[in-house]
Amino acid sequence: MSDVIENGGTSRGDASTLTKKEFTSDQEPRWCPGCGDYAILSAVQAFMPELGIEPHKTVFVSGIGCSGRFTYYMDTYGMHGIHGRAPALATGIAVAAPELSVWVVTGDGDGLSIGGNHLIHALRRNVDIKILLFNNQIYGLTKGQYSPTSEEGKVTKSTPFGSVDHPFNPIALALGVEATFVARTVDNDRQHLTEVLRRAAQHKGTAFVEIYQNCNVFNDGAFDLLRDKAQGKHNQIRLEHGEPIVFDEGNRCVRVGENGRYEIAPTAETDPDGIVVHDAHGRPSLAFALAHLSRGPDEPSCIGVFHEVERPVYGQAIQHQLQAAKERLGAGDLDALLHVGDTWTVE
Amino acid sequence: MSKAVRERERIVVRFAGDSGDGMQLTGDRFTSATAVLGNDLATLPDFPAEIRAPAGTVHGVSAFQIQFASNDITTPGDHADVLVAMNPAALKADLDKVGKGGVLILNEDSFTERNVQKAGYTADPLQDGTLDGYQVYKVPMTSITVRATEGIGIGKKESERAKNMFALGLVSWMFGRPTETTLNWLEKKFGSRQEIFDANVAAFKAGYNFGETTELFAESYKVEAAPQVPGTYRNIDGATALAWGLIAASERSGLPLFYASYPITPASELLHELSRHKNFGVVTIQAEDEIAAANIALGAAFSGQLAVTGTSGPGIDLKAETIGLAVIMELPMIIVDVQRAGPSTGMPTKTEQADLLLAMYGRHGESPLPIVSASTPAECFTAALEAARIAVRYRTPVILLSDTFIANSSEPWPIPEVESLPSIEPEFATPNGQDFLPYSRDEKLARPWAIPGTPGLVHRIGGLERQDGTGNISYDAANHELMTRLRQAKVDGIADDIPALEVEDPSGEAELLVLGWGSSLGTITAAVARARADGRSVATAHLRHLNPFPTNTGEIVRAYRKVLIPEMNMGQLAALIRARYLVDAASYSKVQGLPIFAEELEHEIARVLDE
Ligand code: SF4
């Protein structure tokens with residue numbers, strides 16, 4: 001076990017000669033041509049050197065689904081686990097080796113369906129891992145069934161008459177279990193994606209990043225309203241801490257409506273003092289309201305950091321307990337342990 | 001007045017009462033005093049299945065049985081010589097566990113009409129002849145205890161609660177147990193709460209003196225110390241021994257112990273015990289579910305820890321996919337299965353050894369792994385060390401089988417010297433300047449254990465089939481066959497690295513071999529001893545490694561005309577032995593959630609030999 005480290009974040013140092021190349025493995029990515037995963041991979045590989053953490057001190061952990069392959073393309077340590085369990089594997093790694101930078105790559109099926117339990121418990125514990133959830137609102141690897149984020153009425157191979165399932169709102173879910181860092185970005189906006197990764201990496205504890213990712217084979221265009229350059233500039237609600245929430249080239253804003261509900265309104269018709277100023281460090285209920293501004297990515301939706309607060313980091317708390325026990329009881333003495341309580345000697 | 005003392009070679013005492021009566025504690029204290037006297041002993045707690053079964057009902061009865069003797073014994077005894085029953089329900093639940101002519105010590109105060117009814121009796125068993133043929137002693141334990149604790153300044157409820165100490169005192173007198181062990185313990189436990197301490201001491205002494213002075217008991221018994229090999233001994237139960245064995249493995253390997261688990265009866269004790277030893281650097285995590293526990297442990301294994309997850313049968317079902325992942329990742333990990341009666345939720349507090357085939361085959365695909373099993377409570381210590389040795393040396397998940405019976409029961413244990421324990425070498429991979437091949441193999445076919453943080457060894461592992469050597473994903477047909485055979489050969493090869501199966505055949509002319517595994521060891525030893533005393537020649541052998549079997553297993557089972565395999569299952573080891581060695585091994589099976597009794601097995605041995 002390594003010594004307790006006080007810095008729970010994964011951003012350490014900046015002096016570095018690392019380049020994207022050091023984080024790129026010799027395995028050729030095998031996603032469908034045009035898949036949003038390529039853009040995310042490229043952004044992550046390009047971003048990692050900035051952290052100043054060498055590849056051998058970095059671990060990527062993934063589960064099953066198209067996103068699961070991500071691990072093989074990063075030239076870092078990697079664990080490609082079974083379906084849904086990546087947050088649990090990563091918890092074991094992060095607790096055992098707190099000096100490592102540990103990243104989880106998961107998808108909407110892997111992370112929110114079969115692995116939902118591990119995701120919420122990792123967020124609750126605030127393990128020092130960074131979770132990237134590629135949300136494409138479909139099962140891609142199994143060739144097109146609806147997922148827990150697919151919209152109601154979604155017609156897929158397994159729902160020929162339309163899905164009757166109500167979808168998860170991943171941001172609201174993470175906020176509901178009191179995640180300490182909750183953000184959303186989109187696969188094709190390299191600059192925004194990188195900025196969110198940067199903030200996530202700096203965060204001490206679990207960072208949850210939902211990435212709207214286009215599956216051009218089974219769910220093409222699901223996020224066009226936000227991804228498409230022309231449409232995106234009207235429909236992306238960019239969140240900046242401390243800034244009034246205005247979008248659509250200044251034409252629309254978010255204000256507090258009746259019963260305290262957040263609503264979208266024309267800026268021209270809104271009292272400037274009534275425009276919501278984003279507070280990422282406040283109560284989770286503020287972020288929760290922003291998460292519910294839209295029903296889904298087919299309406300104007302927020303991107304950026306919804307929520308960012310500090311709470312004790314799980315692995316550090318464990319290390320502190322070990323340390324405290326050693327100080328109080330002295331380092332473990334096996335011989336003394338075996339003799340504790342009633343013993344007797346036969347001559 | 002001094003009374004007659006009668007010598008006995010062995011005695012079985014059973015304490016039974018309501019869950020709230022403190023019978024486990026009473027039994028535990030009696031065990032300690034017995035151990036200190038140097039008797040050989042074996043114990044068996046018998047908990048109620050429900051945590052809060054209604055007081056006074058048969059479902060709420062909690063019992064503790066101990067056999068102690070002046071010679072070597074191996075089981076807690078088939079039938080009790082003495083039953084201490086704190087209420088009518090305890091009598092009702094346990095009377096059939098007392099041998100004919102046995103001694104019944106009953107708390108007379110509790111035999112009210114209401115309690116008798118609650119226990120399910122239609123008439124008062126003290127009056128209606130139910131107890132004919134037993135030696136019955138009616139002792140008003142509650143009222144004497146209340147009187148003995150008068151003036152101490154505690155309420156009636158609290159003073160009544162001390163009646164288990166009265167019972168302990170009385171039975172301690174009956175069997176000449178030393179009082180200091182109990183008094184010292186009471187001081188440690190209650191020393192800071194003066195009144196409670198005083199009340200318990202008063203009740204204990206009242207019980208002891210009651211035996212000494214009343215006319216009721218004509219005699220007491222003496223059981224001489226059993227001859228023991230020189231050394232320092234302690235009493236130990238299987239759950240503690242297993243936990244300490246894991247800590248010892250951590251100390252002997254230099255690997256930090258990392259235990260992830262989800263609460264489950266009867267494996268939770270392991271989590272509780274390990275959680276207490278953080279000063280050994282033991283990390284314990286109570287995971288969100290069984291699957292998480294296995295994965296958290298596997299993540300820790302990747303990071304170079306001595307990773308362990310513990311559970312019982314239902315948890316093994318849930319962990320199966322992760323264990324398979326550990327098989328293909330070829331990482332060291334220990335999975336402890338404290339077996340209980342199944343299927344499904346089954347009987348959580350009752351014992352069984354029916355997970356052998358689950359451990360062996362309970363994963364999809366060809367997914368071999370080594371299986372180690374403990375045969376006695378103390379042996380859980382060495383079994384844990386052995387599981388760790390194999391896991392670390394061969395970089396493989398290992399299933400360690402224990403069961404409810406050995407986890408809960410206890411026996412005297414000669415405490416080993418720490419230096420005499422095997423040392424375990426993790427041998428982490430280090431860079432050698434060449435391209436790192438995560439699926440290259442050493443002479444034991446183990447792959448390198450390269451932990452994150454090591455420069456030059458960056459690599460990815462996963463559940464997809466690996467290419468030999470490079471560890472890259474491979475769907476190549478020939479490679480899959482090669483890897484499947486390599487994984488099997490690695491596990492099979494462990495046979496060369498474990499002790500040969502030992503046969504015990506004193507006459508050298510036995511025609512019957514009784515072959516066992518796990519907790520039936522005690523029963524087999526006792527039953528075979530009786531059969532031999534009857535002039536029969538019987539050989540025994542006991543398997544501690546269930547996969548692979550020791551290399552001489554086939555030779556041994558083929559050397560006897562008859563092979564009998566007693567198991568608390570429907571014949572799982574028998575099936576493996578028959579399939580593997582093509583011998584006509586017979587199965588003797590008992591699936592009642594109870595250990596096999598020596599008497600039952602003795603009859604079966606006679607039957608098999610006489611047929
Ligand atoms: S199926 Fe969809 S998500 Fe999967 S690789 Fe193809 S495009 Fe990408």
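**View 1. The loop that holds B:Asn552.** In this predicted model, B:Asn552 belongs to the loop that links β21 (545–547) to α18 (553–559) of chain B. Counting C-beta atoms inside 10 Å gives B:Asn552 16 neighbours, so this residue counts as partly exposed. Look past the neighbours within four places in sequence and you will find B:Asn552 in contact with B:Ala500 and B:Leu501. B:Ala500 lies 52 residues away along the chain, and the C-alpha atoms of B:Asn552 and B:Ala500 are 6.1 Å apart.

**View 2. The open sheet of chain B, with seven strands.** Follow the order β11-β10-β12-β13-β15-β14-β21 through chain B and you trace an open sheet of 7 strands with mixed pairing. The edges belong to β11 (283–286) and β21 of chain B; each has a single partner strand, so one side of each lacks a neighbour in the sheet. On average, and with direction ignored, neighbouring strands here are turned by 20° against each other. For a closer look at one pairing, take β14 (residues 371–373) and β15 (residues 397–403) of chain B, which run parallel and are joined by 3 bridges. One residue pair to pick out is B:Ser373 with its bridge partner in β15(B), B:Leu401.

View 3. Helix α12 (residues 313–329) of chain B lies across β12 (306–311), β13 (333–339) and β15 of chain B, and runs at about 160° to β13(B).

**View 4. Chain B as a whole.** Stepping back for a moment, chain B contains 20 helices and 23 strands. Its radius of gyration is 27 Å, close to the 25 Å that the globule rule gives for 611 residues, so chain B is as compact as a globular protein of that length. The C-alpha trace of chain B spans about 85 × 60 × 50 Å along its principal axes. Of the 611 residues in chain B, 56% count as buried. Among contacts in chain B between residues at least 6 apart in sequence, 76% join residues at least 24 apart.

**View 5. Where chains A and B meet.** Chain A brings 52 residues to the contact and chain B brings 57. On the side of chain A that touches chain B, the elements giving two or more residues include α2 (70–73), β2 (77–80), α3 (86–96) and α5 (116–125) of chain A. The most comes from α3(A), with 8 residues. This side of chain A divides into 25 nonpolar, 19 polar and 8 charged residues.

**View 6. The ligand and its shell in chain A.** Around the ligand you will find A:Trp31, A:Cys32, A:Cys35, A:Asp37, A:Cys66, A:Asn136, A:Gly140, A:Cys215, A:Asn216, A:Val217 and A:Phe218. By type, the shell divides into 7 nonpolar, 3 polar and 1 charged.

**View 7. An antiparallel sheet in chain A.** In chain A, 3 strands form an open sheet in the order β8-β9-β10, with antiparallel pairing. β8 (246–247) and β10 (262–266) of chain A stand at the edges with a single partner strand each, so one side of each has no neighbour in the sheet. Strand β9 (residues 252–256) of chain A is joined to β10(A) by 5 bridges. A:Cys253 stands opposite A:Ala265 in β10(A).

Terms used
Residues numbered from 1 in each chain as written. Chains lettered and ligands numbered in written order. Predicted model: local features only at pLDDT ≥ 70, side-chain atom pairs only at ≥ 80, totals over all residues. Near = placed C-beta within 6 Å. Nonpolar A, V, L, I, M, F, W, Y, C, P; charged D, E, K, R; others polar. Pairing = 2+ DSSP bridges. Helix = DSSP H or I, 4+ residues; strand = E, 2+ residues; numbered from the N terminus. Contact = placed C-beta atoms within 7 Å. Buried ≥ 20, exposed ≤ 12 C-beta atoms within 10 Å, placed from the backbone. Rg over C-alpha atoms; globule rule 2.2 N^0.38 Å. Axes fitted to C-alpha atoms, helices over the stretch in contact; angles between N-to-C directions.
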